[in-house]
4 protein chains.
Amino acid sequence: MTKKISVIAWNENVHEQEMQVVRDIYPQGIHGCLAGLLNEEKDILAETATLQEPEHGLSQSRLDNCDVLLWWGHAAHAQVSDEVVARVYERVLQGMGLIVLHSGHFSKIFRRMMGTSCALQWREADEKEVIWTVNPGHPIAKGIPAHFILENEEMYGEPFVVPEANETVFMGWFAGGNVFRSGLVYNRGAGRIFYFQPGHETHPTYHQPVIRKVLVNAVRYVAPRHSSAAWKNVEDAPNGAPIIPIPGYVHKTEQGLR
Amino acid sequence: MTKKISVIAWNENVHEQEMQVVRDIYPQGIHGCLAGLLNEEKDILAETATLQEPEHGLSQSRLDNCDVLLWWGHAAHAQVSDEVVARVYERVLQGMGLIVLHSGHFSKIFRRMMGTSCALQWREADEKEVIWTVNPGHPIAKGIPAHFILENEEMYGEPFVVPEANETVFMGWFAGGNVFRSGLVYNRGAGRIFYFQPGHETHPTYHQPVIRKVLVNAVRYVAPRHSSAAWKNVEDAPNGAPIIPIPGYVHKTEQGLR
Amino acid sequence: MTKKISVIAWNENVHEQEMQVVRDIYPQGIHGCLAGLLNEEKDILAETATLQEPEHGLSQSRLDNCDVLLWWGHAAHAQVSDEVVARVYERVLQGMGLIVLHSGHFSKIFRRMMGTSCALQWREADEKEVIWTVNPGHPIAKGIPAHFILENEEMYGEPFVVPEANETVFMGWFAGGNVFRSGLVYNRGAGRIFYFQPGHETHPTYHQPVIRKVLVNAVRYVAPRHSSAAWKNVEDAPNGAPIIPIPGYVHKTEQGLR
Amino acid sequence: MTKKISVIAWNENVHEQEMQVVRDIYPQGIHGCLAGLLNEEKDILAETATLQEPEHGLSQSRLDNCDVLLWWGHAAHAQVSDEVVARVYERVLQGMGLIVLHSGHFSKIFRRMMGTSCALQWREADEKEVIWTVNPGHPIAKGIPAHFILENEEMYGEPFVVPEANETVFMGWFAGGNVFRSGLVYNRGAGRIFYFQPGHETHPTYHQPVIRKVLVNAVRYVAPRHSSAAWKNVEDAPNGAPIIPIPGYVHKTEQGLR
């Protein structure tokens, strides 16, 4: 039997505490909704983690056994501990997949992995969004139509301050005149990162079948094919012995980080 | 009269204090050597800055007037203040050019802008390096031969844990059997970054005419064409008004970072 | 005195012969309009060429002296000779800049340089387009506002079947619900290519000041910084002598293309 | 039961006819060797095709059922019919994987998909090559050591005139002082392309276990995850109906390629 893809759906879980409208849409929290939809798939085993848990639910051992981490945050980015961020960052470089959702664009982890501000324009006008599938042959677009409509979403608009993506999968159109690169794939070390724009907390976005299918596809796509620690020493700088002999050179023992 | 390109050559300036061999090669320090070679050009005005100065010589006002920053560091990466790193990072996103030299691959600023560990293999064997010009038509390769040789360099070898480059300009061959992506260009926000591998402190690398020419070319290439603050608000996330009217929507005043 | 940037504005010049509305907008032809607006700049010297001229006005000697070629075509792509296309292709790899306009997306030369079909969706509905500046710090965006509006343009929509761009400068929003990557930069060999979407023949697009400014910026950006033949032998595969001696190896004379 | 990956190993099959040394190494031809090693895997079903067969063994129906095509050519690139090349090109854009081996860098199909000359330096000196795994976490590097050695290979050296790769997996070091980007991944349309440098006809390269493992990994990596025709209409330019109503606009019937 093939091992299932091990997923953690992380959520800051703040709006759920403070806003009835969010509780109404996501009675189990956004994290619960995400884990639930993923657990409908036979090849995925998803659990949840939230800001409020010890170590935000992201202990080293839990992350070491995680293949794909989903990240939803908005109001409490600053409360995420730098130590946990460093841990997630290292795991992504080692091969763990990372899916950053909606307002997670401003999370510490996404900003760190991008090396840019990840700024964008935004507007809460409950306006219509049309999402276009830019690459219909991409694994994340499997079964997704040429375009689909979200009747009410928060507008996210360009300029989106991120590096050029490795793969552009979706682009968004907003009724108020804005455009956005809505689905982007990045390779960083051995890890793959997928940013996906929809998912404002006051709209039932993650209940839309097409959105759910994108998330399932994305989990499968960013899941590591080797192992989730394919590049275990990705932060080491070894003192490398010569492959071709160098006359007179005596190799010293490994000195670790210089 | 055209304004000159305003450059700061930054150096941690530690080996120069501790090792006679480095002082013999670089009596003015590596920073002094770099500024000196750039000041031989009519269109460049270079000054120096070092770790030991207040704010490491990189006050906000000085950075605000800087077009291109060169960075040489090795033994003292950890001593660079996070506040100064954040300042340099913001200026790069705004449009300031950044040239990271040799062991600067492990500097806080380069790691931050890359979003990866920037790890690599290394070996101090005074071995021969052959550097190949991968893109002879690139502006940084202007006047540079198809290949050139450094008789003694520290080996830097793959895997080099960086994102795929926007432009690969040079690649290095080492006698001991290693290869390296030696000259890479990255775009981040409005800024351009050039990483250039040669420059171990115990070898007279920055006295080589071909290396000096690469540095001059690189300064001209990463220098901003608009202004060094072409994207002044690159870290802001404005609440954007609709371009196309949305019935019933009343735009609130700017709320800054959410 | 600095040498001016030598530009050829190429146009198939077919709609101008057949449609009064196009003649009314562009009495000198689209090529005449493009050359005219570029010649308002002190550092640019632009001439025209059309399909109907011998060798389509693109003789080897003319191309050899050209820094930047603009390409407008639509109805007569198939009539462009393969020999001329091969000539332009070689010159781009050598370092000549290429700016492909609007329906030029389906030209032989653009398809050849992209390696993809360059297909897209389209609609002639005279609808409003909002163009967003995705990278306000890019040289092609110098002096261009955060967004600008074309009251009537042909819709070009995703999916646009091109490789991921080296630099994304503009993105377009259309009233009918479509989005498009409207301004893209590609590096190919020593040459730079800029694709720019606006410019349907029945709209006065190239009379818009903001569009004209983009074109001027683009000419300056894709113009070669070395020379227009910086990589003269970009199609050769030389039999390379060893840099490091190989015992027993006798290098034969150059054998050219294998 | 999961469907196997359907592979065609294509070879021009010319050296095998002309050189005893090649027949000695590859009694079944290079194509036979490639198909044989792939057929050792339970999830792959490989067949062969050669230049000499009708339509070079690449009829439309055969290609329509092919998931991954391997391409080995050298002496007879010019004899490959343009019609077959166009057929392969379309299938790659639709989603079929393509693996281009060694001297296939100069094949019509690779040059067409790259949009560049694909030139490089070469030398037949039977020299040692060290291949470095640049991205140990990449699926194509699964089970491949940090570096491996080929005692005798033809030298292929930079500059390699190709676009920047989507993913750099391997880089090569040659005893004579050259370096090369030896394993590169490109996305084109819905298809993935892997170029892999080793494989000179007079060396038993494809008998090396590590090389065989790379090829197996590569087949799995470039194999389509949807279907091999995930983007069936990748060359069409449809007249797109508005998603958002445009007052007064009457949509005409589809007009196909303009």
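## Surroundings of Asp67(C)

Beyond its neighbours within four places in sequence, Asp67(C) is in contact with Lys3(C), Lys4(C), Ile5(C), Ser6(C), Met96(C), Gly97(C), Pro224(C) and Ser228(C); contact means heavy atoms within 4.5 Å. Asp67(C) sits in a loop of chain C, between helix H4 (60-64) and strand S3 (68-72). Helices (H or I, at least four residues) and strands (E, at least two) are DSSP runs, numbered from the N terminus. With a relative accessibility of 11%, Asp67(C) counts as buried, a word used for under 20% relative accessible area, with exposed over 50% and partly exposed in between (1.4 Å probe, protein chains only).

## Basis of the model

This is a predicted model, in which local features need pLDDT of at least 70 and side-chain atom pairs count only at pLDDT 80 or more, while totals for chains, interfaces and linings use all residues. Residues are numbered from 1 along each chain as its sequence is written, chains are lettered from A and ligands numbered from 1 in the order in which they are written, and side-chain values use heavy atoms, with hydrogens and water left out.

## Cysteines

Over all chains the structure holds 0 disulfides, a disulfide being a pair of cysteine sulfur atoms within 2.5 Å. For Cys33(A), the closest cysteine sulfur is that of Cys66(A), 18 Å away and too far for a bond. Cys33(A) is buried, at 12% relative accessible area.

Cys118(B) is in no disulfide either, and the nearest cysteine sulfur, in Cys118(A), is 16 Å away. Cys118(B) is buried, with a relative accessible area of 0%.

## Chains A and D

Chain D superposes on chain A by a rotation of 180° with 0.0 Å of shift along its axis (RMSD 0.0 Å). That is the relation of a two-fold axis. The superposition is by least squares on the C-alpha atoms of residues with pLDDT of at least 70 in both copies. Within chain D, Asn166(D) comes closest to the rotation axis, its C-alpha being at 3.2 Å.

Of the interface residues of chain D, 100% are also interface residues in chain A, so the copies meet through the same surface.

## Pockets

The largest pocket holds about 1700 Å³ of space. A pocket is an open set of points on a 1 Å grid over the protein atoms alone, where a 1.4 Å probe fits, with protein on both sides within 12 Å along at least five of seven lines; lining residues have an atom within 4 Å of a point. Grid points are joined across faces, edges and corners, and a volume is the space filled by probe spheres set on the points. Its lining has 37 residues, with Thr2(A), Arg220(A), Arg225(A), Thr2(D) and Arg225(D) nearest the centre.

The second largest pocket has a volume of about 1300 Å³. Helix H7 (209-222) of chain B and helix H7 (209-222) of chain C each supply at least two residues of its lining.
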